Structure formats: C-alpha cells, structure tokens
Amino acid sequence: MKMFRWLGWAVVWLAAVFYLQNGIQKILGTDQMVAMFHELGLPDWFRVVVGCAEAAGAVVLAIPRYTFPASIGLGALMAGAVAVEIGNGHVLESLIAGQWLVLFVAIGIVRYKIRTKQQAKPNA
C-alpha cells in the first residue's frame, strides 16, 4: 500500500513540475507559446493569465492539503483548453489537453476519497 502512495505522489509531483515549467514558458512568452496562442486566436494577455494559473496550480498541487482543489482547478483549465482546441478545429491537439484533464480528474477523485476516509475516522 505504501508503494501505491509513493507512486501516486510521484505522478502528482511530475505533473506539478511539468505545469510549473509550462506556466513559466507562457508567462515569459517563449516563441512556441506565443505562436500557439496566436494560432488559436487568443490575445497575449490571456497567455499570461493561463501561465499564471498553471504555475500557481502546479505549486498548490504539490501541497497535500491543497492537491484536491488544485486538481479541480487545473482540470477546469484543461477542459477549457480542450474546448478551445476543438473550437479551432484542432481535434487531435485537443487529445493532449484531454489526457491532462483525465489525469487531474483521477487525482481529484483519489484525493477526495482519501479526504473523506480520513474525516470518517473517529478521533483517537
């Protein structure tokens, strides 16, 4: 059981590192991120807002007490990304955001179950 806990946190921490790095790239305006938002018809300020949300979500995701709400927030962000990609005719590209959405939903479900299980235990 301990191994599953460690593997679960490894997945969470790897996702957090990825999203922190991704958010920073958006904030700094790397050529790739600027081009991606331009291709989707989104303004530069929106790229910065998304980058800030991703970076903040990544930091909060790695804090056990806040993993559940962070997973919900990042999942909502990815749901928006799926919608924007599909709306722009990028169905295959939407699968990338979709896989992250599935991961964040899974993290949220696991953290919710852990939280409710801990709350159900009587105080010793």
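Predicted model: local features only at pLDDT ≥ 70, side-chain atom pairs only at ≥ 80, totals over all residues.

**Rings first**

I began with the aromatic rings and counted nine aromatic pairs. My rule was that rings of Phe, Tyr and Trp (its six-membered ring) pair if their centres lie within 6.5 Å, with planes under 30 degrees apart called stacked, over 60 edge-to-face and the rest tilted. I looked at Phe68 and Tyr112, which form a tilted pair, 5.8 Å centre to centre and with 40° between the planes. This pair links distant parts of the chain, since Phe68 is in helix H4 and Tyr112 in helix H5, 44 residues apart. Helices here are DSSP runs of H or I with at least four residues, numbered from the N terminus.

For the record, buried means under 20% relative accessible area, exposed means over 50%, and partly exposed is in between (1.4 Å probe, protein chains only).

I also noted a cluster: ring pairs link Phe18, Tyr19, Trp100 and Phe104.

**What I am looking at**

Residues are numbered from 1 along each chain as its sequence is written, and side-chain values use heavy atoms, with hydrogens and water left out.

**The core**

Which of its 15 residues touch the most other members? They are Tyr19, Leu61, Met78, Trp100 and Phe104. H1, H3, H4 and H5 each supply at least two residues of this core, and H1 gives the most, with five residues.

I then checked Met78 by itself. Leaving aside neighbours within four places in sequence, Met78 is in contact (heavy atoms within 4.5 Å) with Tyr19, Glu54, Ala97, Trp100, Leu101 and Phe104.

**Helix H1**

I tested the length of H1. Its 27 residues should span 39 Å at 1.5 Å a residue, and the end C-alpha atoms are 39 Å apart, so the two agree. The expected span is 1.5 Å times one less than the number of residues.

The buried residues of H1 are Trp9, Val12, Ala15, Ala16, Tyr19, Asn22, Gly23 and Lys26. Their cover includes H2, H3, H4 and H5. Val11 is also in H1, but I found Val11 partly exposed, with a relative accessible area of 38%. From Val11 to Gly23 is twelve residues in sequence and 18 Å in space, C-alpha to C-alpha. After H1 comes Gly29, with a positive phi near 75°.

**Helix H3**

The same length test went well for H3 (residues 44–61): 18 residues should span 26 Å, and the end C-alpha atoms are 25 Å apart, which agrees. Its buried residues include Arg47, Val50, Gly51, Glu54, Ala55, Gly57, Ala58 and Leu61. They cover an arc of only 165° around the axis, which puts them on the same side of H3. I took the arc from the directions from the helix axis to the C-beta atoms. Among what covers these buried residues are helix H1 (2–28), helix H2 (31–39), helix H4 (67–87) and helix H5 (91–120).

**Salt bridges**

How many salt bridges does the structure hold? I found two, counting a side-chain nitrogen of Lys or Arg within 4 Å of a carboxyl oxygen of Asp or Glu.

- Glu54 and Lys26 meet in one at 3.0 Å, N to O. Glu54 lies in helix H3 and Lys26 in helix H1, so this pair ties together parts that are 28 residues apart in sequence. Glu54 is buried at 3%, and Lys26 counts as buried at 4%.
- Asp44 and Arg47 form a salt bridge with the closest N and O atoms 3.5 Å apart. Being three residues apart in helix H3, they are separated by about one helical turn. Asp44 is partly exposed at 46%, whereas Arg47 counts as buried at 7%.

**Last look: Thr67**

I finished in helix H4 with Thr67. Thr67 is buried, with a relative accessible area of 0%. Not counting residues up to four places away in sequence, Thr67 touches Trp9, Val12, Val60, Leu61, Ile107 and Arg111.

Definitions and conventions: Core = buried A, V, L, I, M, F, W, Y, C linked by side-chain atoms within 4.5 Å.
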